[in-house]
Amino acid sequence: MNTLLLCVFYVIFLRVYEIQCKSHPKPSCGYPPSQWCRSLEIAIECGVWKQCMELNATRPDPVVPPVEITLYYESLCPGCRAFLTEQLFPTWTLLKDIMKVNLVPFGNAKELPEEDSFSCQHGEPECYANMVEACVLYAAKHAAFPVIYCMESSADVLKSAKPCLQLYAPFVKWQTIESCTRGELGHSLMHQNAVKTQALKPAHTHVPWITFNGEYTSEWEDKAMSTLFTLVCSLYKGIKPPVCTGALKKLDRSFC
């Protein structure tokens, strides 16, 4: 886990500094590092054409579909929270170019049509937290996963919801989420999650329940719980990105 998080920080650092080595900078070529691989002419002028070609060769093929991971979970389930924060989010941070994540907050909850409500394994607070996260996924779109990671990694999932939303999806007002949870939209979103969960084949027997490209195997799930990064790299059918092959470190050294 610590190694994976260190890799995340390494890649973030690499992207922020655009593979620029401060201790041994390249001679100035009139372009910032972010533009070095913009064209062959610029790459040649800056003396990095070989590295740029190697980097471009390892970019994901748009024709090859990403590895699609769907997590069926409960917002207050300790095992679900551990997987989401220690495996799924760090792996997605590193491999978002070759993987797609779907989150379905429902888990072992039950829909009670006669009462127009839901019953959750960890009580009413979990039902509300599930709905908050469903509303965040609906309203925040591409920014939803960082918000939910922030919530699930905090000491109190519900108390952290508003500040996490303000931090990672400031374009969504908290009032929007509150309105969603109190109205028909929130109930509809939870009903949709119930239908998705109940339609699983084989039927889920525990949470977290993880599918890859719509399929579930206990072998994949066991690997995902401890080595999700390696599993995603192995399941991707296209050219492996540098972070899978270790090429990032090689490219970084060659730029220095």
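A crossing is left-handed if the near helix is turned anticlockwise from the far one by less than a right angle, and right-handed if clockwise. I use these words below for helix pairs.

**Ground rules.** I am reading a predicted model, in which local features need pLDDT of at least 70, side-chain atom pairs count only at pLDDT 80 or more, and totals for chains, interfaces and linings use all residues. Residues are numbered from 1 along each chain as its sequence is written, and side-chain values use heavy atoms, with hydrogens and water left out.

**Entry 1, H5 and H6.** I looked up helix H5 (124–140) and helix H6 (144–152); helices are DSSP runs of H or I with at least four residues, strands are E runs of at least two, and both are numbered from the N terminus. H5 passes H6 in a right-handed crossing. Their axes are 8 Å apart and the packing angle is about 155°. Axes here are lines fitted to C-alpha atoms, for helices over the stretch in contact, and angles run from 0 to 180 degrees between N-to-C directions. H5 and H6 are therefore roughly antiparallel to each other (under 35 degrees counts as roughly parallel, over 145 as roughly antiparallel, 65 to 115 as roughly perpendicular, the rest as oblique). For the contact (heavy atoms within 4.5 Å), I noted Val132, Glu133, Val136, Leu137 and Ala140 on H5, and Ala144, Val147, Ile148, Met151 and Glu152 on H6. By class this contact has 8 nonpolar, no polar and 2 charged residues. Ala, Val, Leu, Ile, Met, Phe, Trp, Tyr, Cys and Pro count as nonpolar, Asp, Glu, Lys and Arg as charged, and the others, Gly among them, as polar.

H4 passes H6 in a left-handed crossing. The angle is about 145° and the axes are 10 Å apart. H4 contributes Arg81, Leu84, Thr85, Leu88, Phe89 and Trp92, and H6 contributes Phe145, Pro146, Ile148, Tyr149, Met151 and Glu152. I count this contact by class as 9 nonpolar, 1 polar and 2 charged residues.

The axes of H4 (residues 78–95) and H10 (residues 218–235) come within 9 Å and cross at roughly 15°. The two helices are therefore roughly parallel to each other. Their crossing is right-handed. Among the contact residues are Phe83, Gln87 and Leu88 of H4 and Phe229, Val232 and Cys233 of H10. The contact has 10 nonpolar, 4 polar and no charged residues.

A pocket is an open set of points on a 1 Å grid over the protein atoms alone, where a 1.4 Å probe fits, with protein on both sides within 12 Å along at least five of seven lines; lining residues have an atom within 4 Å of a point. Of its 19 lining residues, the closest to the centre are Val101, Asn102, Leu103, Leu137 and Tyr138. Strand E2 gives the most to this lining, 5 residues. The lining has 11 nonpolar, 5 polar and 3 charged residues.

Most residues other than glycine have a negative phi, and most peptide bonds are trans. I found a cis peptide bond between Lys201 and Pro202 and another between Val207 and Pro208. Pro202 is in the loop between H9 and E5, and Pro208 is in the loop between H9 and E5. Asp116 has a positive phi near 55°.
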